[in-house]
Amino acid sequence: MKNLFFLLFLSINFVSIAQEFSRADTLRGSITPERAWWNVTHYDLKVSVNPSEKFIEGSNTITYEVLERNNIMQIDLQAPMKIDKILQNNEEISFTSEGNAHFLKLKKKQKKGKQNKITIYFSGKPTVARRAPWDGGFTWTKDSNGNDFIATANQGIGASVWWPLKDHPSEEPDNGMKISVTAPKHLMDVSNGRLIKVIENYTTKTWVWEVVNPINAYGVNINIGDYVHWSEKYQGLNGTLDMDYYVLRENEEKAKEQFKQAPMMMEAFEHWFGPYPFYEDGYKLVEAPYLGMEHQSSVTYGNQFENGYLGRDLSRSGWGMKFDFIIIHESGHEWFANNITNNDVADMWVHEGFTCYSENIYLDYHFGKKASSEYVVGLRRSILNDIPIIGNYNVSHSGSSDKYYKGANMLHTIRQLIDNDEKWRQILIGLNKDFYHQTVSSKQVEDYIMQKSGLDLNVFFNQYLRTTMIPKVEYKVEDNKLKFRYTDILKNFKMPVIAIINGKEEWVEPTSEWKTKEFSSSIETAEIKKDFYVITEEIE
Ligand SMILES: [Zn+2]
């Protein structure tokens, strides 16, 4: 997800809080001893939504595997939501609370290797999102016919803003989850995975959705509205993929036109990133009352059924108006965020850098290499270089908003260094295959790219991900000689770049010392190729 203007605001906040993390941040962002000993294998989440009271209540039955013997379990649920009761083997479990972290004192002996279940009953008026998806919580609105239109989005704030779970990015239920949502009878709920059952109650209906793959917690969502539905079968790399669309009745016509980009997206991303990672759960595009979010297998959409980002081109290259930003960006996250998930939000560039990059990969596939290049280069105007891309570990701190545009430009630079598009494509496909349905660190991704490309990018990654310095190429032209060097680099930073001399491309390898390259004729024009994310300065 993204929004330029809000991210500017966020990053300013991050600067001021960068050194101050609280006990609550550690409880939220680290694998505490009360989290480490158990592994979630399944969630069975039941939620009843009452629009007139803006109230929800329900239960989550957690199936977990005991990794080590212990009897204190940390469960996260944020106020004002509250835990009503906890049951294990029909016995009530007591707990103490420290802010949003609750410590359950289990009675049953937790034997290593055993699978156990525990059910947590909860209720309350969940936090209302004022500016979803940038804050997070529930959005309660109405459509133009006066019907309730309700959705959750909780990327930054966390899933525990409305339901109880182990709210850490490294934890995904291995065997998926069931989401049963009870809503007023005349409306419909769309959640993740496949609709397996609709239960008719007196004044309500319960929509039962099932996800069979591991799912990241912030990807779990509720969307309630007066939806119309259509679908298509997409013949993809892994066979037939169900693509389902849900929009408000009033937007059906516009949506049927705009959502033609969804199969175009699928074609481009399967080519560049490999098979869609959730064939079993299907792909859905679901209208929501906010801009959009990468909810796994039910990508939410609120981009006004027009191209660009709310009608604007973030790159100012013109190419940003060739696609619907939310369809492309949020769906790109199915590969980078939902398939390959960061195991600490400090490494969130693995989600946002690659997904921002996926926008120009989409352009590359449908509009050519020049379009792709001009788009990603155009995004540089939004890079701040305020704080490093990688945030602080174990405190739920996600680093600079540069994880988007700078992350994408770093990846575009690696494509130039590899200088072999098929090899680069195989690396992107390989990442999705070898880290299939896993949570990973930035370091694992960095090592993978180095190993598969054969390039030593250790200092390169440190420079772009862990500092705010952008390498600067200074150059001088003297008749037929080009003099050049790097400034603003880490010790041992090595990166060749392409100089365009009299219109012809020439690789040069600047270092911190001035070097000279001689050409056969005098140099009339010289520039550094823009595809490399460096600052350039011609010294007179
Ligand atoms: Zn995103």
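**Values against definitions**

Trainee: Why is E474 called buried?
Mentor: E474 has a relative accessible area of 9%. Buried means under 20%, exposed over 50%, and partly exposed in between, with a 1.4 Å probe and protein chains only. So E474 counts as buried. Keep in mind that this is a predicted model, where local features need pLDDT of at least 70 and side-chain atom pairs count only at pLDDT 80 or more, while totals for chains, interfaces and linings use all residues. Residues are numbered from 1 along each chain as its sequence is written, and side-chain values use heavy atoms, with hydrogens and water left out.

Trainee: What makes R485 and E474 a salt bridge?
Mentor: A salt bridge needs a side-chain nitrogen of Lys or Arg within 4 Å of a carboxyl oxygen of Asp or Glu. The N to O distance between the side chains of R485 and E474 is 2.8 Å, so the pair qualifies.

Trainee: What does this pair tie together?
Mentor: R485 lies in strand β24 and E474 in strand β23 (residues 472-478), so the bridge ties together parts that are 11 residues apart in sequence. Strands here are DSSP runs (E, at least two residues), as are helices (H or I, at least four), numbered from the N terminus.

Trainee: Where do R425 and E422 lie?
Mentor: Both lie in helix α10 (residues 421-434), three residues apart, about one turn of the helix. R425 counts as buried because its relative accessibility is 15%. E422 has 39%, so E422 counts as partly exposed.

Trainee: How many salt bridges does a search of the whole structure find?
Mentor: The search finds 30 salt bridges. Another of them joins K260 to E257, whose closest N and O atoms are 2.9 Å apart. K260 is partly exposed, because its relative accessible area is 48%.

Trainee: What makes the peptide bond from A79 to P80 cis?
Mentor: Its omega is near 5°. P80 lies in the loop between β3 (72-76) and β4 (82-88). The bond from A132 to P133 is also cis, with omega near 0°. P133 is placed in the loop between β8 (115-124) and β9 (137-142).

Trainee: Which phi does R316 have, not being a glycine?
Mentor: R316 has a positive phi of about 55°. R316 sits in the loop between β20 (299-301) and α6 (325-332). At 66% relative accessibility, R316 is over the limit and therefore counts as exposed.

Trainee: And what is the phi of N492?
Mentor: It is positive too, about 70°, although N492 is not a glycine. N492 is in the loop between β24 (481-487) and β25 (497-501). N492 counts as exposed because its relative accessibility is 54%.

Trainee: Where does K114 lie, and is K114 exposed or partly exposed?
Mentor: K114 lies in the loop between β7 (101-105) and β8. Its relative accessible area is 47%, so K114 is partly exposed.
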